[in-house]
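User: I would like to learn how to read a protein model feature by feature. Please take me through one.

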Amino acid sequence: MGHTSFDDNEYLRECERLDDLQCGGLRIIQNPDWFCFGMDAVLLTSFVKVPEGSRVLDLGSGNGVIPILLSAKTKGSRFEGLEIQEDIADMARRSILYNRLEGRVHITTGDIREASSYFKAASFDVVTANPPYMTNAHGLTNMAEHKAVARHELLCTLGDVVRESAALLKPGGHFFMVHRPFRLSEIMNTMTKYKLEPKRMRLVYPYVDKEPNMVLIEGTRGGKPRITVEKPLVVYRGTGEYTDEVKNLYYNGTI
């Protein structure tokens with residue numbers, strides 16, 4: 001359950017706020033001037049399958065939303081997050097302390113490109129990633145440094161994420177990622193290059209009559225070629241209200 005201190009300010013810094021994660025009483029510290037987690041992180045945690053007792057690593061963990069949510073939604077034994085920006089990693093650590101999760105969740109400050117130097121090779125059962133979607137050739141880079149790093153491949157590429165995930169997963173371990181459909185061919189090719197065989201995929205549509213704007217994908221280290229494409233997930237009704245499926249995801253933590 002969440003921390004019940006009467007003085008939440010001991011965990012907060014200037015411009016930060018404490019948001020309810022609608023999951024097991026958990027709350028998370030965010031700074032709206034930097035970058036707040038979005039629908040993609042929530043969708044990923046509901047797509048991820050974590051066997052009981054698993055060790056889980058989240059690459060590019062930001063404010064820690066993915067390992068914090070997975071600690072409540074699954075029976076994994078240990079959740080690690082790797083985040084390159086020290087001030088954001090510090091915010092994640094304070095959220096972990098607030099929620100009294102320091103026994104299960106830990107954040108390391110470090111570079112995704114060197115992830116296999118921080119952790120033992122082939123030591124994780126599950127690796128998750130919500131990486132920057134845009135290359136420098138795609139769109140305008142946000143001038144705010146924290147947002148730019150989160151959205152654009154300034155400090156790591158798709159190849160870096162997949163390569164390091166493959167190095168850190170046990171044989172038969174599972175890789176889960178949320179990304180953009182326009183890069184799906186590149187995603188598939190990169191995963192197979194590093195022997196993370198694509199096994200499961202789900203496209204996410206903002207509205208039923210629009211093109212998909214997210215893809216959830218699972219790969220297995222050393223798996224055999226065979227992929228299951230799950231039914232589409234539609235986020236909003238025509239009125240802009242969440243569909244029943246997404247409401248259930250937010251309030252019950254499952255799809």
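User: Is Cys36 buried, partly exposed or exposed, and what is its relative accessible area?

Analyst: Start with the classes. Buried means under 20% relative accessible area, exposed means over 50%, and partly exposed lies in between (1.4 Å probe, protein chains only). Cys36 has a relative accessible area of 23%, so it is partly exposed. Cys23 has 13%, so it counts as buried.

User: How many disulfides does the structure hold?

Analyst: A disulfide is a pair of cysteine sulfur atoms within 2.5 Å. The structure holds zero of them.

User: What ground rules apply here?

Analyst: This is a predicted model, in which local features need pLDDT of at least 70, side-chain atom pairs count only at pLDDT 80 or more, and totals for chains, interfaces and linings use all residues. Residues are numbered from 1 along each chain as its sequence is written, and side-chain values use heavy atoms, with hydrogens and water left out.

User: What is the mean pLDDT of the protein chain, and which residues have pLDDT below 50?

Analyst: pLDDT is the predictor's confidence in each residue, from 0 to 100. The mean for the protein chain is 88, and 86% of its residues reach 70 or more. Residues 137-143 fall below 50. Beyond near neighbours in sequence, that stretch has 13 contacts in the model (contact: heavy atoms within 4.5 Å). Where pLDDT is low, the predicted coordinates should not be read in detail.

User: How many helices and strands are in the protein chain?

Analyst: Both are DSSP runs, numbered from the N terminus: helices are H or I with at least four residues, strands are E with at least two. The protein chain has eight helices and eleven strands. Of its 255 residues, 50% count as buried. Take contacts between residues at least 6 apart in sequence: 67% of them join residues at least 24 apart.

User: In which sense do strand 6 and strand 7 pair?

Analyst: Two strands pair if DSSP finds at least two bridges between them. Strand 6 (residues 124-129) and strand 7 (residues 169-179) have five bridges and pair in the parallel sense. Thr128 stands opposite Phe176 in strand 7.

User: How many bridges join strand 7 to strand 9?

Analyst: Six bridges join them, and these two strands run antiparallel. Strand 9 covers residues 214-221. Here Phe175 stands opposite Gly219.

User: Which residues of helix 7 are buried?

Analyst: The general idea comes from helix geometry. An α-helix has 3.6 residues a turn, so residues three or four places apart point the same way. In helix 7 (residues 184-193), the buried residues are Leu184, Ile187, Thr190 and Met191. They cover an arc of only 130 degrees around the axis, so they lie on the same side of helix 7. That arc is taken over the directions from the helix axis to the C-beta atoms. On the other side of helix 7, Ser185, Asn189 and Lys193 are exposed.

User: What do the buried residues of helix 7 pack against?

Analyst: They pack against helix 6 (158-168), strand 7, strand 8 (196-205) and strand 9.

User: How many residues of helix 1 are buried?

Analyst: Helix 1 (residues 39-47) is mostly covered, with nine of its nine residues buried. Among them are Met39, Asp40 and Phe47.

User: Where is Ser165, and which residues does it touch?

Analyst: Ser165 sits in helix 6. Its relative accessible area is 0%, so it is buried. Leaving out residues up to four places away in sequence, Ser165 touches Leu59, Val127, Phe175 and Leu196.

User: Where is Lys195, and what is its phi?

Analyst: Lys195 lies in the loop between helix 7 and strand 8. It has a positive phi of about 60 degrees although it is not a glycine. Its relative accessible area is 60%, so Lys195 is exposed. Gln22 is not a glycine, and has a positive phi of about 55 degrees. Gln22 is found in the loop between strand 1 (17-20) and strand 2 (27-30). At 39% relative accessible area, Gln22 is partly exposed.

User: How far apart are Leu97 and Tyr11 in sequence and in space?

Analyst: They are 86 residues apart in sequence and 8.5 Å apart in space, C-alpha to C-alpha. Leu97 is found in helix 3 (residues 86-98). Leu97 has 42% relative accessibility, so it counts as partly exposed.
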